[in-house]
Amino acid sequence: NTIIRNLISDFIINVIESEKADGTLNISCMQKVLTYIEQNICEDISVPMLAEIAGLSEARFKINFRKQVGIPPREYVLRRKIETAKHILKNSDMTITELAHKMSFSSSQYFSTVFKRFTLMSPKEFRSK
């Protein structure tokens with residue numbers, strides 16, 4: 001069940017990235033939000049902050065984001081952080097604790113938990129592969 005959910009979410013993110021690369025995604029409040037997330041992926045990004053960028057209430061923002069993107073905003077942010085972390089793990093010798101702090105996770109344990117939830121392996125296992 002977790003594997004299927006992860007694959008579906010990864011597919012949705014890839015579709016969004018493809019649309020952004022092709023320039024076919026309409027410029028809208030959600031595009032501003034997605035751009036903000038990409039440009040500030042190492043920062044602590046909260047849903048209320050994203051709702052403010054979109055100019056919507058938090059409740060309406062969550063509904064609209066899920067409708068347009070396919071997953072809740074917090075999950076999208078976490079998935080993008082993990083994708084960035086995977087790239088860093090492959091291409092640097094930064095420690096997992098340093099990486100967790102760089103990606104604005106509250107602790108390396110929480111980072112490892114989220115990483116494992118989305119990749120089905122720990123950051124250490126991912127780096128060794």
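User: In this predicted model, is K86 buried or exposed?
Analyst: The model is predicted, and K86 has its place in helix α5. Its relative accessibility is 19%. Buried means under 20% relative accessible area. By that cut-off, K86 counts as buried.

User: Which residues does K86 touch, not counting residues up to four places away in sequence?
Analyst: K86 sits in helix α5. Leaving out residues up to four places away in sequence, the residues that K86 touches are F115, T119 and F126.  One of them, F115, is itself buried in α7. The names asked for are F115, T119 and F126.

User: With which residue does E83 form a salt bridge?
Analyst: E83 is partly exposed, at a relative accessible area of 30%. The closest N and O atoms of the pair are 3.2 Å apart. The partner of E83 is K86.

User: Why are R79 and E75 separated by about one helical turn?
Analyst: R79 and E75 form a salt bridge, with the closest N and O atoms 3.0 Å apart. Both residues are buried. About one helical turn separates R79 and E75 because they are four residues apart in helix α5.

User: What is the relative accessible area of R79?
Analyst: R79 has its place in helix α5. Leaving aside neighbours within four places in sequence, R79 is in contact with R5, N6, S9, D10, I13, I71 and F118. R79 is buried, and its relative accessible area is 3%.

User: How many salt bridges does the structure hold?
Analyst: One of the salt bridges joins R79 and E75. Another joins E83 and K86, and a further one joins R80 and E38. In total the structure holds six.

User: Which parts of the chain does the salt bridge between R80 and E38 tie together?
Analyst: The closest N and O atoms of R80 and E38 are 2.8 Å apart. R80 lies in helix α5 (residues 73-91) and E38 in helix α2 (residues 29-39), so the pair ties together parts that are 42 residues apart in sequence. The parts are therefore helix α5 and helix α2.

User: Is E38 buried, partly exposed or exposed?
Analyst: The salt-bridge partner of E38 is R80, which counts as buried at 12% relative accessibility. For E38, the relative accessibility is 27%.

User: At what angle do α2 and α5 pack?
Analyst: The axes of α2 and α5 are 10 Å apart, and their crossing is right-handed. L34, I37 and E38 of α2 make the contact with Y76, V77 and R80 of α5. The two helices pack at an angle of about 35°.

User: What span does α7 reach from its first C-alpha to its last?
Analyst: Helix α7 has twelve residues. At 1.5 Å a residue, a span of 16 Å is expected, and the model is close to that. From first C-alpha to last, α7 reaches 16 Å.

User: Where around the axis of α7 do its buried residues lie?
Analyst: The buried residues of α7 are S108, F111, V114, F115, F118 and T119. They cover an arc of only 125° around the axis, which puts them on the same side of α7.

User: Which residues are exposed on the other side of α7?
Analyst: One of these residues is Q109, with a relative accessible area of 55%. Exposed means over 50%, so Q109 qualifies. The exposed residues on the other side of α7 are Q109 and T113.

User: Which residue just after α7 takes a positive phi?
Analyst: Helix α7 covers residues 108-119. Just after α7, a phi of about 65° is found, and the residue that takes it is L120.

User: How far apart in space are K124 and N40, C-alpha to C-alpha?
Analyst: K124 lies in helix α8 (residues 123-128) and is exposed, with a relative accessible area of 65%. Along the sequence, K124 and N40 are 84 residues apart. In space, C-alpha to C-alpha, K124 and N40 are apart by 25 Å.

How values were computed: Residues are numbered from 1 along each chain as its sequence is written. This is a predicted model: local features need pLDDT of at least 70, side-chain atom pairs count only at pLDDT 80 or more; totals for chains, interfaces and linings use all residues. Side-chain values use heavy atoms; hydrogens and water are left out. Buried means under 20% relative accessible area, exposed over 50%, partly exposed in between (1.4 Å probe, protein chains only). A salt bridge is a side-chain nitrogen of Lys or Arg within 4 Å of a carboxyl oxygen of Asp or Glu. The expected span of a helix is 1.5 Å times one less than its number of residues. The arc is that of the directions from the helix axis to the C-beta atoms. Contact means heavy atoms within 4.5 Å. Axes are lines fitted to C-alpha atoms, for helices over the stretch in contact, and angles run from 0 to 180 degrees between N-to-C directions. A crossing is left-handed if the near helix is turned anticlockwise from the far one by less than a right angle, and right-handed if clockwise.
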